[in-house]
There are 2 protein chains.
Amino acid sequence: MASEPEVIRDKTAMRRWSRSHRSKGKTLAFVPTMGFLHEGHLALVRAAGALADLTVVSVYVNPGQFAPSEDLDAYPADLRGDLHKLADLGVHAVFCPTNLYDYGEGGGRGEVQARRTEGAVGSSGLPVSCLEAAAGDGSGHETWVRVEKLERGLCGMSRPVFFRGVATVVAKLFNIVEPDIAVFGKKDYQQWRIICRMVRDLDFAVKIIGSEIVRESDGLAMSSRNVRLSPEEREKALSIYKSLSKAKYAALHEQSTCQELKSLVVQLVTEAGGIIDYVEIVEQESLIPVEEINRPAVICIAAWFGTVRLIDNMEINP
Amino acid sequence: MASEPEVIRDKTAMRRWSRSHRSKGKTLAFVPTMGFLHEGHLALVRAAGALADLTVVSVYVNPGQFAPSEDLDAYPADLRGDLHKLADLGVHAVFCPTNLYDYGEGGGRGEVQARRTEGAVGSSGLPVSCLEAAAGDGSGHETWVRVEKLERGLCGMSRPVFFRGVATVVAKLFNIVEPDIAVFGKKDYQQWRIICRMVRDLDFAVKIIGSEIVRESDGLAMSSRNVRLSPEEREKALSIYKSLSKAKYAALHEQSTCQELKSLVVQLVTEAGGIIDYVEIVEQESLIPVEEINRPAVICIAAWFGTVRLIDNMEINP
């Protein structure tokens, strides 16, 4: 029976915990999450546990990566369940701050505007996240980390504030937790590449590990959003995994062109009732679209089933 | 006689030096510079020396904050002289990397395009710095820290890539040097406020100190660019200090409106032969323009004398 993880809610206390252990020569692996943990997250936590002396998991639904039109309000939460699962895995600390953007007296309270509003565009014409209130005395959060090329394609097309918010909150968490290693899931492929690039470009002293996608027994990639699928939608959503698998096979064994591969996936998912956001085949590091798979590539998809947007991907190494 | 500072050129060696001292309980103060040190820089270094056990100074002309149309090529350098001055002040380490944006094999070499070119706008329509080569395989530096509101006004108007580049290189340097304290000059007022905000918003564990402007005996604010002024231009440039002083006096003793104060400065500097870039009166923290000085404000100016652009400012605390 593992001991309970220490639950830390305060930034300063988190950094103190981390420094006190690091000063004794302990190494620290970190897994940032938005909670509602499933087997996919737990695989990341296990990977982290194998790589360092101590494991820290953060649980924080980051308003900075949601547009006001998106599903921040509907994002599922279960902190008690999460803590049980993490205790079972021997996690040493769980960082679950109330509001990472509250800078105290006269320093912006990090109010969140989570109601669904259309036209999520600020006075500057730039898109805004749930974090940025309409009014402001100039004291609110306004620093954003942009990975300017990688953030643009794929999910960045339909979610213009998403990766700005992800990179920024991860930078904050790295500065608070000060880990040696951080583990990210390759299900969020673009996110993982963006974090790798950010760490390189900003010289963070953190080693990033990409962990393989964990799937349900029928192939559906694990996601916190899966619980919002009806049984029928869930069945239809299997078309994602099936079509990616077929495309990968075709790429490796049938010399199909990228255009043919993409059409195959679009067709199978659409026939199953999904609404395609995008299907792209891109280089694994630069995420630049490829015409032909003659180097390591990845096929990425986002599609809606009912009100739920799912993403998935499959690496193709020719 | 102080001992020579350790000269460190490599990121990893710098972090190792820093961590080895911090692990022994030493505190570290850091002064980032672009070299060609004058008395203004040395005041920052002295302030740093008084605040921590060890002082680290970086000397690096950052291509990421210059537009291709600006004066990167012409920026003066004298590393040998700088090292002598820093040795005299008892600085413990000088970090002078060759290229902070060289990420090694297959990771972007950080080539710098320093030739004067017009139309410094990338394919995305965004402005680009000297760092971003026209062509690219997607492996170059592309992560930028944006302090979205504070970076917009004042110098941000005529130098659209400047603060993006400053915030980014300071984030890199903080991650490499890992100081407890960093000292910035209030001559670069907007820069200082941007760094303060970045540190707050990204939760850097670094305390920022703002150090007062150091002036020549005749009032000219010290700047590495002053050496490029002809004797006549230098004489004319004194109009900056004189006009700011008059405006401050008028603000405190004559109930002048901000419009009157700005007109006064514009008139005096223009009469002396300067070309005004901007004169603004803004709140000290938010840098939001004020109509009336009923709270701490600062009057900021940028003006050209010949080919040299000078900036200066004066706080007004009513």
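Domain bounds here come from an automatic or database domain assignment. On that basis, chain A splits into domain 1 (6-211) and domain 2 (224-311). The centres of these two domains of chain A, taken over C-alpha atoms, are 26 Å apart. This is a predicted model: local features need pLDDT of at least 70, side-chain atom pairs count only at pLDDT 80 or more, and totals for chains, interfaces and linings use all residues. Residues are numbered from 1 along each chain as its sequence is written, chains are lettered from A in the order in which they are written, and side-chain values use heavy atoms, with hydrogens and water left out.

**Between the two domains of chain A**

- Contact means heavy atoms within 4.5 Å. Domain 1 of chain A brings 20 residues to the contact, and domain 2 of chain A brings 16 residues.
- Buried area is the accessible area (1.4 Å probe) that two parts lose on being put together, summed over both. The two domains of chain A bury about 1600 Å² between them, with 59% of it on carbon and sulfur atoms.
- Three residues of domain 1 lose the most area to domain 2 of chain A: Leu154(A), Tyr189(A) and Arg193(A). Together they account for 35% of what that side buries.
- How many salt bridges link domain 1 of chain A and domain 2 of chain A? The count is zero. A salt bridge needs a side-chain nitrogen of Lys or Arg within 4 Å of a carboxyl oxygen of Asp or Glu.
- Four residue pairs are in polar contact between these domains of chain A (both at pLDDT 80 or more). A polar contact is a pair of N or O atoms within 3.5 Å; within protein, one must be able to donate a hydrogen and the other to accept it, and residues adjacent in sequence count only if both atoms are side-chain atoms.
- Helix H4 (155-158) and helix H6 (189-201) of chain A each supply at least two residues of the domain 1 side. H6(A) gives the largest share, four residues. Helices (H or I, at least four residues) and strands (E, at least two) are DSSP runs, numbered from the N terminus.

**Between chain A and chain B**

- On each side, 43 residues take part: 43 of chain B are in contact with 43 of chain A.
- The area buried between chain B and chain A is about 3400 Å², and carbon and sulfur atoms give 43% of it.
- Ten salt bridges are counted between chain B and chain A. Arg146(A) and Glu148(B) meet in a salt bridge through their side chains (3.9 Å, N to O).
- The rule also finds 36 residue pairs in polar contact across this interface of chain B and chain A (both at pLDDT 80 or more).
- Which element gives the most to the side of chain B that touches chain A? H5(B) does, with six residues.
- Strand E5 (residues 143-147) of chain A runs antiparallel to E5(B), and five bridges join them. Strands pair if DSSP finds at least two bridges between them. Trp144(A) has Arg146(B) as its bridge partner in E5(B).

**Salt bridges overall**

- Side chains of opposite charge can pair when their charged atoms come close.
- Over all chains, the whole structure has 37 salt bridges.
- Arg159(A) and Glu70(A) form a salt bridge, with their closest N and O atoms 2.8 Å apart. This pair links distant parts of the chain, 89 residues apart. Arg159(A) lies in the loop between H4 and helix H5 (162-177) of chain A. Glu70(A) lies in the loop between strand E3 (54-59) and helix H3 (79-88) of chain A.
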